[in-house]
Amino acid sequence: MNSKTLHRGLLAATITASALFFGQQGMAQGIDSTAKKIGKKGEQIGNKTASVAVKGAMKITDKTYKGKEGPDGQTVYIDKKDRKYYVDDKGKKVYLKPSQIRDKKEQ
């Protein structure tokens with residue numbers, strides 16, 4: 001094989017490999033900057049979606065504690081083990097002590 005052909009082949013392979021490497025780095029930086037731009041808004045949307053989904057599922061699977069509310073006016077649910085809880089803004093169940101449950105205010 002000719003040495004010029006070998007050098008050209010090595011040069012082409014090096015250029016291709018470096019282009020692929022730097023191209024992937026650029027894409028990763030684009031993803032990071034987009035994630036930073038979305039920031040808290042994306043997190044807030046995700047939390048709201050989770051909260052709505054959990055509340056919808058709880059209305060089907062668990063009973064609503066009628067005439068009662070949580071510490072800040074949340075809807076109180078009763079699960080199969082007779083535990084009382086409400087769903088917070090992030091979609092997590094927060095179990096309540098009997099002292100935290102109060103009668104609903106008339107509106």
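In which sense do strand β1 and β5 pair, and over how many bridges? They pair in the antiparallel sense, over 2 bridges, with β1 covering residues 63–69. Look along that pairing and you'll find Glu69 standing opposite Arg102 in β5. Keep in mind that this is a predicted model.

Now zoom out to the whole sheet. Its 5 strands run in the order β4-β3-β2-β1-β5, the sheet is open, and the pairing is antiparallel. At the edges stand β4 (93–95) and β5 (102–103); each has a single partner strand, so one side of each is left without a neighbour in the sheet. As for what holds such an arrangement together, strands of a sheet pair through backbone hydrogen bonds.

| Strands | Sense | Bridges |
|---|---|---|
| β1 and β5 | antiparallel | 2 bridges |
| β1 and β2 | antiparallel | 3 bridges |
| β2 and β3 | antiparallel | 2 bridges |

Ile78, in turn, has Lys84 in β3 as its bridge partner.

The hairpins are worth a visit too. The one made by β1 and β2 has 5 residues between the strands, and Gly73 there takes a positive phi near 85°. β2 and β3 also form a hairpin, with 5 residues between them. In its turn sits Asp82, with a positive phi of about 65°. That loop lies between β2 (75–78) and β3 (84–87). Most residues other than glycine have a negative phi. Asp82 is not a glycine, yet its phi is positive.

Definitions and conventions
Residues numbered from 1 in each chain as written. Predicted model: local features only at pLDDT ≥ 70, side-chain atom pairs only at ≥ 80, totals over all residues. Heavy atoms only, no water. Helix = DSSP H or I, 4+ residues; strand = E, 2+ residues; numbered from the N terminus. Pairing = 2+ DSSP bridges.
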